[in-house]
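I opened this entry to look up how two chains meet and what else turns up on the way. Notes follow in the order of looking.

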Protein chains: 2
Amino acid sequence: MRIAQVAPLHESCPPRFYGGTERVVSYLTEELVALGHEVTLFASGDSCTSAVLEAGCEKALRLDSRCRDPLVYHLIMLDRVRRRADEFDILHFHTDYLHFPLFAEYWGKTLTTLHGRLDLPDLPVIMREYKTMPLVSISDAQRAPMPWANWSGTVQHGLPRELHRLGDGVGRYLGFLGRISPEKRPDRAIEIARRAGVPLRIAAKVDPVDQAYFDGTIAPLLRDPLIEFIGEIGEADKAAFLGDAAALLFPIDWPEPFGLVLIEAMANGTPVIAFGHGSVPEIIEDGITGFIVDDIEGAAAAVPQALRLDRSAIRRRFDERFTAERMARDYLALYQRALSGRTALRPAPLRLVASATGRAAQGAAD
Amino acid sequence: MRIAQVAPLHESCPPRFYGGTERVVSYLTEELVALGHEVTLFASGDSCTSAVLEAGCEKALRLDSRCRDPLVYHLIMLDRVRRRADEFDILHFHTDYLHFPLFAEYWGKTLTTLHGRLDLPDLPVIMREYKTMPLVSISDAQRAPMPWANWSGTVQHGLPRELHRLGDGVGRYLGFLGRISPEKRPDRAIEIARRAGVPLRIAAKVDPVDQAYFDGTIAPLLRDPLIEFIGEIGEADKAAFLGDAAALLFPIDWPEPFGLVLIEAMANGTPVIAFGHGSVPEIIEDGITGFIVDDIEGAAAAVPQALRLDRSAIRRRFDERFTAERMARDYLALYQRALSGRTALRPAPLRLVASATGRAAQGAAD
């Protein structure tokens, strides 16, 4: 199949640091190539890929100090994709809604994965205007603010199988990984660790917008000798951080559409203690890959239980459910469906359920 | 002629408060209708016009607390214009570069007025990508960062003839009107008034982004009894503020592409003492409608001279050079030129010089 993957230009594919969307696009692209497809990746020029790279800009815009207006580069890239639309069987966009006006007439050969939260007041306006554009959610929970939108399916994220290995949790600490921000609730993580009496290591970046929150709310909590703040860590250090952790804490306070770190932990055999918001119940299997809790007390009580979970069984669930290959095959089923013309103006949504065998099972969604 | 005017949606046409671009689009639209043309105005739904109004959103987005993402409404509006492109002889855009990808194939029947500053690092990238799109500058000075772009002409702004009347400067104060911001240099205005020993009234809004500048730099200067800060004033109070002023101070420190307040003062017969940046030398005629100065000393020295200028002669220059009718006729000349197919891929730019008779003279630009 001749496939165009169209990534945002904020980060490279994969990103050098933080950046979920471009990371997932990269994993998907490499897997599609490995499965024998002709893939062209529209992304920043400093991306690394085995697909054909079409550079939408020289380097990742977030790291380019000369770039003030990312919209310029995104518009130019999308228009170039349009002029070459006939060269591809399928155009897979990861650029929010920005391409809708340019590709409204090509809807039948497009697929748009929405990577962000959807509870934004202006999104329904543009989704209703372009109601033929087929959409993909990254969890069923993500759809909640717009269940009526033109969903073609849900495809959960996946990671390359060899990216992480089963770790042994030798560090005996609890881990918190990602971003310091009020909705991620690092304060809850600290309180959970204190109550459980287990050390906590926080590996997280602090965005400028969250600096005041860090200084005012989090920094005072770091005086406890149980708590260690180690700042942002790179992709290379992530595996060791997760593999050495006895468990990961994910005490979020918002409907996270997909927590990539949950499956990264799983790939290391690390159990997760998570608050059950957003996509969490679709990813974590309570009592197998971790525990879903309602409050700090429940989370602290789950710590000794989590330490008793079988790490190799957790890794097995990762292999069954969250590899990039499974993700690529899910997307290929959606591409195939669009190609064979089964995509009507508003098709009955295809539901892809990651099954125990790692193969996508098809069934009508509710 | 069947003309589409496409305005930004941030403010209504005309704006209820601040907002230069939408104000000019409104003046142009009304004048084109008055001249007998069929005009459709694409703008926010709370706009007032004698043209046919096509609402791109319910109300001005800046005043709509539910709007978080103005891009949604702009994209939808531009796409709707595209689907109706065949209904118009000319499509006149005031939406920066946002419409370029959608209208690249229609370039021959489009005109794009750039209303902002052009010394932004990403603008040349998109101007080179869409080099067939015909552009209009609002002053020759505005073009400086991109003299190589596809300029069709310069059309200076104009105001409805009856909007302001000759005032008598009875208030005997110096005026400062607009926004408090470092590049507008209200601090210089205060110093000029002090040295000249003439009272200064500052009618200006303070944007959130400029609050720290106001508090730290300007507020301490307001203790002087010569200086009076009266905050933001509405459109209705502007004429009285300008007409009662003995002179307007315009001590800017940046290349302002067109200072609308300069011609508003002129319409009231009020002389302007201005620093000679950007478009100022194209608008102010030294010794007739005001004085162009280099520094605070020169500005203070110019105050008594400005008070001796003939206010009715200033108003006369406004009537000759800066009415909305002159602006509309300038644009019609450019529309006509596009229609008659004289617009080649890169046409020799048409230079419209506002002459003493108020008629546009045509000649090749350098």
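**Interface of chains A and B**

I counted polar contacts first: between chain A and chain B there are 16 residue pairs in polar contact, both residues at pLDDT 80 or more. A polar contact here is a pair of N or O atoms within 3.5 Å; within protein, one must be able to donate a hydrogen and the other to accept it, and residues adjacent in sequence count only if both atoms are side-chain atoms.

I then noted which elements take part. On chain A, the side that touches chain B draws at least two residues from each of α2 (70-83), α3 (100-103) and α4 (123-129). The most comes from α2(A), with 9 residues. By class, the residues of this side are 14 nonpolar, no polar and 10 charged. Helices (H or I, at least four residues) and strands (E, at least two) are DSSP runs, numbered from the N terminus.

The model is predicted: local features need pLDDT of at least 70, side-chain atom pairs count only at pLDDT 80 or more, and totals for chains, interfaces and linings use all residues. Residues are numbered from 1 along each chain as its sequence is written, chains are lettered from A in the order in which they are written, and side-chain values use heavy atoms, with hydrogens and water left out.

I looked up the extent next. Chain A and chain B each bring 24 residues to the contact (heavy atoms within 4.5 Å). The buried area is about 2300 Å², with 56% from carbon and sulfur atoms; this is the accessible area (1.4 Å probe) lost on putting the two parts together, summed over both. A:Tyr97, A:Asp122 and A:Glu129 supply 23% of what chain A buries against chain B, more than any other three residues.

**Salt bridges**

I found 6 salt bridges across the interface, each a side-chain nitrogen of Lys or Arg within 4 Å of a carboxyl oxygen of Asp or Glu. One pairs A:Glu129 with B:Arg80 at 2.7 Å, N to O.

Over all chains the count is 63. I picked out A:Arg185 with A:Asp253, closest N and O atoms 2.8 Å apart. A:Arg185 sits in the loop between β8 (173-179) and α5 (186-196) of chain A and A:Asp253 in the loop between β11 (245-250) and α8 (260-267) of chain A, so the pair ties together parts 68 residues apart in sequence.

Terms used. Nonpolar A, V, L, I, M, F, W, Y, C, P; charged D, E, K, R; others polar.
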